[in-house]
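Student: I would like to work through this model by question and answer. Keep it brisk, please.

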Amino acid sequence: MKARVKWLEGAAMVGMAGDAGSEHSVVMDGPPQYGGRNLGPRPMELLLIGMGGCTQFDVMQILRKARQQVSDCVVELTAERAERDPKVFTRIHAHFIVSGQGLDPKRVERAIALSAEKYCSASIMLGATAEITHDFELRDTAVSVADAPPR
């Protein structure tokens, strides 16, 4: 896997995925006190977003294989960083909101655990410096006959 980051101006930069297959770009920027102009997310924010995407991808794949009827999945991440340089993440919490019909809480819990312990490279890597915790809530999207709109 390769990537390239090119400085634009001030604290702005553009990151480009190399031969990883996607070849997409993302603009990043630093905070205003360092010359940033809020042109894009901070690099550390992208790390957190990357972890969320990585674990959500795993969880969705596992739930699909388990034949769970997932209609939506949101991962809300909160993180704390060290006060001194290097300001690594020290705590990260991932809250999954999984919506669907007839979801089995044990299967959802197991999918999250498998992602955290075995599959999510980003979580496992960030777990070297941060305490990572997870929880979830289920939202049943089944519509009862009483809730159905009139015809």
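**Loops, helices and buried sites**

Student: What pLDDT do local features need here?
Tutor: Residues are numbered from 1 along each chain as its sequence is written, and side-chain values use heavy atoms, with hydrogens and water left out. This is a predicted model: totals for chains, interfaces and linings use all residues, side-chain atom pairs count only at pLDDT 80 or more, and local features need pLDDT of at least 70.

Student: What is phi of Arg67, and which loop holds Arg67?
Tutor: Helices (H or I, at least four residues) and strands (E, at least two) are DSSP runs, numbered from the N terminus. Arg67 follows H1. Its phi is positive, in a residue other than glycine, at near 60°. The loop is the one between H1 and E4.

Student: Where is Asn38, and what is its relative accessible area?
Tutor: Asn38 lies in the loop between strand E3 (25–28) and H1. Phi of Asn38 is positive too, near 60°, and Asn38 is not a glycine. Asn38 counts as exposed because its relative accessible area is 58%.

Student: Which residues does a cis peptide bond join?
Tutor: Look in the loop between E4 and E5, where Pro86 is found. Omega there is about -5°. The cis bond joins Asp85 and Pro86.

Student: What span does H1 reach, from its first C-alpha to its last?
Tutor: H1 has 23 residues. The expected span is 1.5 Å times one less than the number of residues, which gives 33 Å for H1. The model comes close to that, at 33 Å.

Student: Which elements do the buried residues of H1 pack against?
Tutor: The buried set of H1 includes Leu48, Met51, Gly52, Thr55, Asp58 and Val59. Met60, Ile62 and Leu63 are also among them. An α-helix has 3.6 residues a turn, so residues three or four places apart point the same way. The packing partners are strand E4 (69–81), E5, H2, helix H3 (121–126) and strand E6 (131–140).

Student: Why is H1 called oblique to H2?
Tutor: Two packed helices are described by the angle between their axes and the distance between the axes. Axes are lines fitted to C-alpha atoms, for helices over the stretch in contact, with angles from 0 to 180 degrees between N-to-C directions. The axes of H1 (residues 43–65) and H2 (residues 105–119) come within 9 Å and cross at roughly 130°. Under 35 degrees is roughly parallel, over 145 roughly antiparallel, 65 to 115 roughly perpendicular and the rest oblique, which makes H1 to H2 oblique.

Student: How do the residues of the contact of H1 with H2 divide?
Tutor: Contact means heavy atoms within 4.5 Å. From H1 come Thr55, Asp58, Val59, Ile62 and Leu63; they meet Arg107, Val108, Ala111, Ile112, Leu114, Ser115 and Tyr119 in H2. Ala, Val, Leu, Ile, Met, Phe, Trp, Tyr, Cys and Pro count as nonpolar, Asp, Glu, Lys and Arg as charged, and the others, Gly among them, as polar. The division is eight nonpolar, two polar and two charged.

Student: Is Ser123 buried or exposed, and which residues is it in contact with?
Tutor: Ser123 lies in helix H3. Ser123 is buried because its relative accessible area is 4%. Leaving aside neighbours within four places in sequence, the contacts of Ser123 are Met51, Thr55 and Ile132.

Student: How far apart in space are Ser121 and Thr55?
Tutor: Ser121 is also found in H3. Ser121 is exposed, at 52%. Ser121 and Thr55 are 66 residues apart in sequence, yet C-alpha to C-alpha the separation is 8.5 Å.

Student: Which residues does Cys73 touch?
Tutor: Cys73 lies in strand E4. Cys73 is buried, with a relative accessible area of 11%. Not counting residues up to four places away in sequence, Cys73 touches Gln56, Met60, Phe96, Ile97 and Val98.

Student: Which residues does Ser99 touch?
Tutor: Ser99 lies in strand E5 (residues 89–101). Ser99 is buried, at 9%. With residues up to four places away in sequence not counted, Ser99 touches Gln69, Val70, Ser71, Asp72, Arg139 and Thr141.

Technical notes. Buried means under 20% relative accessible area, exposed over 50%, partly exposed in between (1.4 Å probe, protein chains only).
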